[in-house]
Amino acid sequence: MMKNYDCTLVVNSCDKYDDILDTFFELLYRFWPDLPFDIVLSTETLEYKNKYFKIRNVHPQSKNCTWTERMTDTLNNIKSNYCLFMLDDFFLYDYVKTKTVLDNLKVLKKNPNIVNFTYWPILNDTEECIYPGFKKRKQQAKYKIAAITSLWNKKQFLKYISGYKENIWEFEPKATIRSNTLYKDDEFYVSKDFPKQVFPYNFTKYGLFSGKWFKANKELFKRLNMKINFRKRGFYNEKNRGLTNSIISAFKLDSYIMPNYSLKEDNPIHKFKLQYSKEFYQKYQIKEALNMIYWCLTDNWGFGIKDLTIKVIYKDHTNEIIDNKTLFGTFRRIGKLLVFNTENPHVYIQTIPNKKITFLEISGKIIIPLNKYYLKKAYKYVTKPKNDNQARLKRYT
């Protein structure tokens with residue numbers, strides 16, 4: 001008899017992904033043989049059965065609902081007070097650390113202000129904490145809430161989704177804003193690093209992207225002696241990586257240099273708009289920075305920036321317009337366009353040596369998505385500094 005841990009494994013799927021569910025649950029069976037929780041599968045209408053597990057299918061009250069509305073219905077249909085959330089294409093490739101999961105569950109039960117433990121190292125805006133293998137997210141943090149494998153206090157989960165009509169891409173940034181403004185006392189914890197993952201999975205390498213298989217799946221399933229039919233979906237062409245329709249619906253140029261950042265324009269993108277070109281303007285107050293500034297644009301990639309202008313104002317009230325030719329980072333210059341088609345897009349901005357910076361103004365035009373010519377030319381391309389002295393300059397942020 002399974003011990004009652006007051007927790008349910010909630011697997012989020014959809015009807016059009018029914019062909020990958022057998023694969024997901026076989027990997028779950030192989031790499032989590034002592035799985036201690038009941039399983040609920042959330043889909044629109046699918047009635048799925050599995051040879052390894054007893055699965056309860058849960059469907060939304062309305063067929064024409066958003067992702068947050070469907071998840072609200074799902075959570076309201078489970079009796080446990082805690083849930084482990086997973087997506088259907090988060091394929092395990094090694095054994096789950098059950099003891100750590102149960103230890104985290106005990107912590108949640110003792111601390112109702114803790115929202116979740118996220119089993120993926122989102123390491124920006126973190127600080128050390130008392131829980132081994134984890135870091136605490138700072139009160140103001142980017143991507144504090146993400147639809148990735150996490151152990152949740154169900155009541156807290158419902159607080160962030162109930163009454164909101166958002167797709168999964170909209171949910172992540174908007175729920176994070178709610179955590180940074182409405183619910184400042186809530187606590188969030190993330191795994192420290194990859195080698196010691198509680199749930200060994202990698203959604204940037206295995207599983208699906210934009211409905212197609214990552215090519216690395218072939219190696220994974222060959223190693224596990226699993227036969228998978230890749231023909232139905234085909235393989236995703238990494239060199240054409242850009243922004244899919246679903247990502248476009250939530251994309252905005254929410255750049256940051258300091259932990260606290262602001263935009264003078266929100267720059268929303270309509271979820272059905274496939275071509276987008278809009279000017280942006282950002283102004284930052286900089287504290288005790290000199291020599292080099294690291295500009296992290298966004299976690300999305302597959303876009304271009306045109307007419308980029310960077311103005312630096314120094315503490316002595318002098319200013320300069322940065323020569324774009326001195327910039328380096330994860331982009332490629334193609335004509336007048338800077339094309340970013342590499343993970344974690346960023347730019348290094350070199351300033352006058354040893355002069356303290358007080359303000360930074362950045363303006364330009366963001367263009368997404370780009371055609372295949374630009375995406376292929378800039379795929380994984382990095383613009384390097386022109387000389388060793390430039391590369392050795394210490395950056396302060």
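**View 1. The aromatic cluster of Y5, W32, F37, F117, Y119, Y131, F134, Y189 and F199.** In this predicted model, where local features need pLDDT of at least 70 and side-chain atom pairs count only at pLDDT 80 or more, while totals for chains, interfaces and linings use all residues, these nine names make up one cluster of aromatic residues. Residues are numbered from 1 along each chain as its sequence is written, and side-chain values use heavy atoms, with hydrogens and water left out. Rings of Phe, Tyr and Trp (for Trp, its six-membered ring) are paired if their centres lie within 6.5 Å, and a pair is called stacked when the planes are under 30 degrees apart, edge-to-face when they are over 60 and tilted for the rest. A search of the whole structure finds 40 aromatic pairs.

**View 2. The tilted pair of F209 and F214.** The two ring centres are 6.1 Å apart, with 35° between the planes. F209 counts as buried (under 20% relative accessible area, with a 1.4 Å probe and protein chains only) because its relative accessibility is 12%, and F214 is likewise buried, at 4%.

**View 3. The stacked pair of F303 and F340.**

**View 4. L28 in the largest nonpolar core.** A nonpolar core is a set of buried Ala, Val, Leu, Ile, Met, Phe, Trp, Tyr and Cys residues joined through side-chain atoms within 4.5 Å, and of the 79 residues in the largest one, F25, L28 and F199 touch the most other members. Leaving aside neighbours within four places in sequence, L28 is in contact (heavy atoms within 4.5 Å) with L9, P33, L35, I39, F53 and L92. A second, separate core of 25 residues includes Y284, I310, Y314 and I357.

**View 5. The mostly covered helix α2 (residues 67-76).** Of the 10 residues in α2, 8 are buried, among them W67, R70, M71 and D73. The elements covering these buried residues include strands β1 (7-12), β2 (38-42), β3 (55-58) and β4 (82-87), together with helices α4 (154-161) and α5 (168-181).

Methods: Buried means under 20% relative accessible area, exposed over 50%, partly exposed in between (1.4 Å probe, protein chains only). Helices (H or I, at least four residues) and strands (E, at least two) are DSSP runs, numbered from the N terminus.
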